[in-house]
Amino acid sequence: MIVFDKPHALTDAPMHYCPGCTHGIVHRLVAEAIDELGIEGKTIGVAPVGCSVMAYNYFSCDMIEAAHGRAPAVATGVKRADPENHIVFTYQGDGDLASIGMAETVHAAARNENITVIFINNAIYGMTGGQMAPTSLPGQVTQTSPYGRDTNHCGFPIKVCELLSELDGPEYLTRVTVNSVKNIKTAKAAIKKAFQNQIDGKGFSLVEVLSSCPTNWGMTPQKALQWIDEKMIPYYPLGVYKDRSAKEETK
Ligand SMILES: Cc1ncc(C[n+]2csc(CCOP(=O)(O)OP(=O)(O)O)c2C)c(N)n1
């Protein structure tokens with residue numbers, strides 16, 4: 001008897017992610033949301049460069065590869081070409097979304113593009129070998145900050161949900177994590193809502209997922225999940241940063 005199955009929106013391809021990396025968990029949550037909302041046939045994902053560069057192998061829906069940082073611009077075009085029949089999501093790392101792609105991110109949010117953005121914040125450039133990202137924490141040791149991120153020299157991490165919440169445009173901004181069963185359930189609900197918002201025509205919805213990178217953090221998978229609790233969440237508090245419709249309903 002099958003009691004726990006793979007979502008239909010995921011292929012059978014084995015994933016290439018490192019042991020303890022949470023990209024796989026987030027892929028599953030996105031696929032579950034697509035299954036439950038019955039939108040696989042009309043969903044188009046946009047994955048740019050980063051560890052999830054081969055996401056097109058893992059999702060059963062249509063996928064497009066975007067240049068580094070340009071996913072929100074590509075997604076805007078795909079969505080606007082046929083808004084009634086396309087459900088469009090981007091799947092982006094922190095180097096991608098908050099560094100090279102920051103302009104695309106801010107402008108897509110300001111325009112309230114009706115797309116769903118899945119933002120994987122693992123505080124590092126994973127694919128290229130662990131360089132400092134715009135989200136690396138003060139004091140964090142990376143390949144390009146071997147003595148720890150010095151804020152005098154490198155500035156401070158960018159808090160994407162807080163930053164975008166100052167804009168009038170975006171519909172829904174939330175930060176979640178996937179380092180425990182409880183947190184995975186919250187993340188699932190947020191991702192599903194971000195897709196439902198698009199179905200309802202509400203606009204730009206971004207789910208930031210605090211994620212682990214044991215390989216580049218130099219930790220065991222278990223320690224990496226603890227590090228999210230101990231170091232990342234205090235700097236990047238979890239929660240809903242904007243939910244415009246909910247606010248309007250309570251007025
Ligand atoms: C235009 C361009 N600049 C730089 C690169 C090199 N590059 C590939 S992935 C990457 C960073 C990826 O980090 P992130 O977006 O945080 O995703 P992760 O790999 O951690 O999941 C960089 C700088 C590139 N492919 N294209």
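What follows is a chat about the sheet, some helices, the ligand and a few single residues.

Me: Before we start, is this model predicted or what is it?
Reply: It is a predicted model.

Me: OK, the sheet. How many strands does it have, and in what order?
Reply: It is an open sheet of 7 strands, in the order β2-β1-β3-β4-β6-β5-β7, and the pairing is mixed. The edge strands are β2 (62–65) and β7 (239–243), each of which pairs on one side only. From one strand to the next, the twist averages 20°.

Me: What holds strands together in general?
Reply: Strands of a sheet pair through backbone hydrogen bonds, and they can be parallel or antiparallel.

Me: How much of β4 is buried?
Reply: 6 of its 6 residues are buried. Thr116, Ile118 and Ile120 point one way, while Val117, Phe119 and Asn121 point the other way.

Me: Why that every-other-one pattern?
Reply: In a regular strand, side chains alternate between the two faces of the sheet.

Me: What about β5, buried or exposed?
Reply: β5 is mostly covered, with 6 of its 6 residues buried. Tyr172, Thr174 and Val176 are on one side, Leu173, Arg175 and Thr177 are on the other, and both faces are covered.

Me: And which strands does β5 (172–177) pair with?
Reply: It is joined to β6 by 6 bridges, and those two run parallel. Val176 has Val209 of β6 as its bridge partner. β5 is also joined to β7, by 4 bridges, and here the strands run antiparallel. Leu173 is partnered with Lys242 in β7.

Me: Switching to helices. Where does α2 sit?
Reply: α2 (71–81) lies across β1, β2, β3 and β4, running at about 175° to β3.

Me: How enclosed is α2?
Reply: 8 of its 11 residues are buried, so α2 is largely enclosed by the rest of the structure. Among the buried ones are Ala71, Pro72, Val74 and Lys79. The cover over them includes β1, β2, β3, α4 and β4.

Me: α4 came up there. Which of its residues are buried?
Reply: In α4 (102–110), the buried ones are Glu104, Thr105, Ala108 and Ala109. Seen down the helix axis, they fall within an arc of 125°, so they line one face of α4.

Me: Which other residue has a positive phi?
Reply: Ala123 is one, with phi near 60°. Ala123 is in the loop between β4 and α5 (151–154).

Me: Are those two buried or exposed?
Reply: Asn112 counts as partly exposed, because it has 17 C-beta neighbours inside 10 Å. Ala123 has 28 C-beta neighbours inside 10 Å, so it counts as buried. The cut-off for buried is 20 or more.

Me: Now the ligand. How many residues surround it?
Reply: 18 residues surround the ligand, and the closest are Gly50, Gly93, Gly95, Asp96 and Gly126. By class, the shell has 8 nonpolar, 8 polar and 2 charged residues.

Me: Which element gives the largest share of that shell?
Reply: That is helix α3 (94–100), with 4 residues.

Me: Last one: where is Tyr17, and what does it touch?
Reply: Tyr17 is in the segment before α1 (23–37). Leaving out residues up to four places away in sequence, Tyr17 touches His23, Gly24 and Cys51. Tyr17 is partly exposed, with 19 other C-beta atoms within 10 Å.

Definitions and conventions:
Residues numbered from 1 in each chain as written. Predicted model: local features only at pLDDT ≥ 70, side-chain atom pairs only at ≥ 80, totals over all residues. Near = placed C-beta within 6 Å. Nonpolar A, V, L, I, M, F, W, Y, C, P; charged D, E, K, R; others polar. Buried ≥ 20, exposed ≤ 12 C-beta atoms within 10 Å, placed from the backbone. Arc of directions from axis to C-beta. Contact = placed C-beta atoms within 7 Å. Pairing = 2+ DSSP bridges. Axes fitted to C-alpha atoms, helices over the stretch in contact; angles between N-to-C directions.
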